[in-house]
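Dear colleague,

My notes on its salt bridges and on the contact between its chains follow.

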Amino acid sequence: MMSDTNANPKQPHIQPATSSITLANRWDHFLARWGVNRSGHRIEPGLYALGHPTADSPVFVTANYTLSFDALRSALAGIDGYIMVLDTLGINVWCAAGKGTFGTDELVRRIEAAALDKVVNHRVLILPQLGAPGVAAHEVKRRSGFKVEYGPVRAADLPEYLKTGRATPEMRRVHFTLRDRLVLIPVELVAVLLPMAIAAVALFLLLGPLAAAGAVAAILAGVVLFPILLPWLPTHDFSSKGFILGGAVALPFALSTFWRNPDATWWLRAGGALTYLLPLPPVTAFLALNFTGSTTFTSRSGVRREIFTYVPAMAWMFGIGIVLTIVLVLARVWGG
Amino acid sequence: MFNAYMSNTLQYDPALCINCGLCSIVCPHAVFAPDDRVARLVRPDACMECGACQLNCPTGAITVDSGVGCAAAMIYAALAGKKEPVCGPEPESSCGYSS
């Protein structure tokens with residue numbers, strides 16, 4: 001199955017690759033998107049031959065995450081070239097670049113290990129633009145003799161890029177469309193399923209079905225609704241957007257509690273409503289704040305500012321809400 | 001405050017710019033634009049502090065405080081008393097995903 005595409009025995013092994021995506025690939029992508037075996041979706045790093053490349057064929061560089069590799073090779077249908085796969089421990093290009101694993105050192109290492117200067121006549125590497133946070137182009141040139149050309153953000157734009165020899169400004173822009181946000185939901189949802197189930201069962205047993213439903217609603221609002229509604233929620237900060245969404249989701253529960261006991265005193269009814277309005281919105285807001293790490297545009301400074309501005313408020317509201325709940329339960333128990 | 005993203009740590013010194021054009025190429029949010037003599041900082045508020053421009057500027061004309069920007073990692077680092085949040089294999093990792 002593994003056939004060498006070069007005859008020189010001293011040459012490091014070049015693995016073959018095609019541009020076709022199989023059912024097995026698609027299943028692997030599905031599992032990755034649902035968070036199954038998260039860092040296990042990787043291929044062996046090294047040099048691959050796509051199609052039938054010659055010494056003049058282009059060299060593309062990518063990460064050893066299957067989604068990254070598959071996005072690249074499937075975009076290059078009909079094109080012969082080399083793909084240099086860096087060992088990013090199964091992490092995608094942009095995240096790995098930020099962490100430094102899709103980086104100058106790893107790239108230079110792989111160029112040397114593959115003896116790339118013997119494989120191709122030219123000295124050009126085409127890198128995904130989003131590898132730039134980890135790669136210093138001028139350093140790569142100095143250390144390996146290879147010039148880094150940053151191709152478009154999306155592999156799908158590569159055929160056009162190769163044809164015209166340049167990337168348009170739009171090819172170099174990253175957005176965060178609804179579809180981009182939707183594909184991030186499953187993995188976040190899977191991550192909260194167990195804690196959410198435990199909370200729901202515990203609250204059901206302690207406080208009843210409405211409390212359990214309220215907790216589930218607050219968590220699902222943070223993990224599913226928030227990514228969808230992100231651009232349409234008021235304010236810039238994710239935490240404040242999360243508070244607004246969380247408040248809206250908690251409101252029906254609060255009102256239901258308020259109206260459920262018309263015979264009780266007003267402050268007991270208001271207290272009951274607050275046992276939803278105080279602890280639930282902070283849960284949604286905290287999940288929303290954590291979504292900053294999955295976006296394409298929040299800055300580190302901004303997230304830090306958000307943390308210091310809102311996390312204390314989240315903790316206080318949540319804490320007071322829990323205390324209030326306990327107080328009201330005890331009042332009901334003792335009050336008869 | 002309802003805009004924690006009003007300012008960021010991006011700094012650009014046009015005096016050091018040699019007009020190589022790389023900052024405009026690598027930025028995913030068109031923060032820089034190419035111009036006749038030196039690069040222009042056109043959308044500083046759009047900067048997400050990824051650090052691509054800083055790393056690829058051969059003269060050091062651009063600086064920015066890039067690093068791990070994940071909320072969970074920063075909260076963990078703050079609570080655990082670590083100086084700087086880190087992505088990577090345990091025990092340095094500031095999050096639950098070790099890799």
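A:R142 is exposed, its relative accessible area being 61%. Please bear in mind throughout that this is a predicted model. The side chain of A:R142 forms a salt bridge with that of A:E139, with an N to O distance of 2.9 Å. A:E139 is partly exposed, at a relative accessible area of 24%. Both residues belong to helix α6 (residues 137-144) of chain A, where they are 3 residues apart and thus separated by about one helical turn.

A further salt bridge in chain A joins the side chains of A:K118 and A:D117, at 3.7 Å from N to O. Here A:K118 is exposed, with 61% relative accessibility, whereas A:D117 is partly exposed, with a relative accessible area of 38%. Over all chains, the count of salt bridges comes to 10.

Turning to the interface, how many salt bridges are there between chain B and chain A? The count is 1. B:D65 and A:R300 form a salt bridge, in which the closest N and O atoms lie 3.5 Å apart. This pair joins two chains, because B:D65 lies in the loop between β4 (62-63) and α3 (71-80) of chain B, while A:R300 lies in helix α14 (residues 300-335) of chain A.

As to the interface as a whole, 43 residues of chain B are in contact with 44 residues of chain A. The two chains, B and A, bury about 3,500 Å² between them, and 57% of this area is on carbon and sulfur atoms. Between chain B and chain A there are 20 residue pairs in polar contact, with both residues at pLDDT 80 or more. On the side of chain B that touches chain A, α1 (22-26), α2 (52-56) and α3 each supply at least two residues. By class, this side of chain B has 26 nonpolar, 13 polar and 4 charged residues.

With kind regards

Key
Residues numbered from 1 in each chain as written. Chains lettered and ligands numbered in written order. Predicted model: local features only at pLDDT ≥ 70, side-chain atom pairs only at ≥ 80, totals over all residues. Heavy atoms only, no water. Salt bridge = Lys/Arg side-chain N within 4 Å of Asp/Glu carboxyl O. Buried < 20%, exposed > 50% of the residue type's maximum accessible area, 1.4 Å probe, protein only. Helix = DSSP H or I, 4+ residues; strand = E, 2+ residues; numbered from the N terminus. Contact = heavy atoms within 4.5 Å. Buried area = accessible area lost by both parts, 1.4 Å probe. Polar contact = N/O pair within 3.5 Å; in protein donor to acceptor, adjacent residues only side chain to side chain. Nonpolar A, V, L, I, M, F, W, Y, C, P; charged D, E, K, R; others polar.
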